[in-house]
Structures are given as structure tokens and as C-alpha cells.
Amino acid sequence: MAKKILVVDDEPDLLKVVTFRLRKLGYDIIEATDGQKAIALIQEHRPDLILLDLRLPLMDGWGVCRRVTTDDQLKHIPIVFLTASVGALNSEMTKELKAEYLLVKPFEPEKLLEIVKKLIGCMEQKRKP
């Protein structure tokens, strides 16, 4: 069974590229473009990993992260922050919110794939030829 990844970003181009690359490797991708939809999808689908932009409409990534990391049924889900705004962000804040990694946009797709594989495993080896 494919691992589920929730990709949360309000930038259509980034969402399209990330989703394409991860689906190509065999992951099951769920998409959200705002924080409120992300929370609903997390509760409904229980993804194996969340790729989370910090700047989102309706509820920002910080709010989404707090909701996930304080919920006993969800706090096991690893979160990777994706952000273009690093001015107010540092590794201590990332650790405080229990995010696994922080990727600054623009990032190399290979770096994202490396992190995903490290956190939830590699799907491409499990696909049938």
C-alpha cells in the first residue's frame, strides 16, 4: 500500500511540481491550498507525512502544525516545513513545533525526495515493473 503524503501549499506551480515528482515515485498524494482544508484532510486521511508551507490562507502553517503536534492521534505524523520566509524562522522554532525538517524555497527537488525517503521510506522499489 502506498504511503500517503499531504502537500499543503497555496502556490499552484510548486504544488504541481512536488505532487508530480512524488506521485511518479509511487506515493499517494493529497493536496490542500489552505490551512483549514489541511486540518480536515489530516483528520480524514491520516497521512504518513505532511509537507507544509508556513504562509497559507485561512490558517497558517504554524497553526496547522500546532493542531497536529498537540493531538495525541496525529502527533506521530512527521512534518516538513516548506517556506520562502525565513526571516522570523530558525531551527529552534522548527524543533519547538516538532517539525522534522525545514526546506527554504526555492529548493532542489532531489533534496525534498531525499527527506521524504528518509522519513517514510522509498516507494519506487515497491512498484511493479
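How many residues does helix 5 have, and how far does it reach from its first C-alpha to its last? Helix 5, residues 109-120, has twelve residues and reaches 16 Å, close to the 16 Å expected at 1.5 Å a residue. The model described here is predicted. Its chain has five helices and five strands, and from the N terminus on the elements run β-α-β-α-β-α-β-α-β-α. Of the 129 residues, 47% count as buried. Among contacts between residues at least 6 apart in sequence, 62% join residues at least 24 apart.

- The five strands form an open sheet in the order 2-1-3-4-5, and their pairing is parallel.
- Strand 2 (28-32) and strand 5 stand at the edges, each with a single partner strand, so one side of each has no neighbour in the sheet.
- On average, neighbouring strands of this sheet are turned by 20° against each other, direction ignored.
- Strand 1 and strand 3 run parallel and are joined by four bridges.
- I5 stands opposite L49, which is in strand 3.
- In general, strands of a sheet pair through backbone hydrogen bonds, and the pairing is either parallel or antiparallel.

**Helix 5**

- Helix 5 packs on the sheet and touches strand 1, strand 3, strand 4 and strand 5. The direction of helix 5 makes about 165° with that of strand 5.
- L112, L113, I115, V116 and I120 are buried in helix 5. These residues are on the same side of the helix because they cover an arc of only 160° around its axis.
- An α-helix has 3.6 residues a turn, so residues three or four places apart point the same way.
- The cover over the buried residues of helix 5 includes strand 1 (4-8), helix 1 (12-24), strand 3 (49-53), strand 4 (79-83) and strand 5 (101-104).
- After helix 5 comes G121, which has a positive phi, near 95°.

**Helix 2**

- In helix 2, the buried residues are G35, A38, I39, L41 and I42. They line one face of the helix, because seen down its axis they fall within an arc of 170°.
- Strand 1, strand 2, strand 3 and helix 3 are what the buried residues of helix 2 pack against.

**The nonpolar cores**

- The largest nonpolar core has 22 residues, of which L6, V8, I42, I50, L52, V64 and F81 touch the most other members.
- At least two residues of this core come from each of strand 1, strand 2, helix 2 (35-45), strand 3, helix 3 (61-69) and strand 4.
- V64 is in contact with G35, A38, I39, I42, L52 and M59, leaving aside its neighbours within four places in sequence.
- Another core, of 20 residues, lies apart from the largest one. Among its residues are L14, L51, F107 and V116. V116 is also one of the buried residues of helix 5.

**T19 in helix 1**

- T19 lies in helix 1.
- T19 counts as buried because its relative accessible area is 3%, and buried means under 20%.
- Leaving aside its neighbours within four places in sequence, T19 is in contact with I29 and E31.

Key:
Residues are numbered from 1 along each chain as its sequence is written. This is a predicted model: local features need pLDDT of at least 70, side-chain atom pairs count only at pLDDT 80 or more; totals for chains, interfaces and linings use all residues. Side-chain values use heavy atoms; hydrogens and water are left out. The expected span of a helix is 1.5 Å times one less than its number of residues. Buried means under 20% relative accessible area, exposed over 50%, partly exposed in between (1.4 Å probe, protein chains only). The arc is that of the directions from the helix axis to the C-beta atoms. Contact means heavy atoms within 4.5 Å. Two strands pair if DSSP finds at least two bridges between them. Axes are lines fitted to C-alpha atoms, for helices over the stretch in contact, and angles run from 0 to 180 degrees between N-to-C directions. A nonpolar core is a set of buried Ala, Val, Leu, Ile, Met, Phe, Trp, Tyr and Cys residues joined through side-chain atoms within 4.5 Å.
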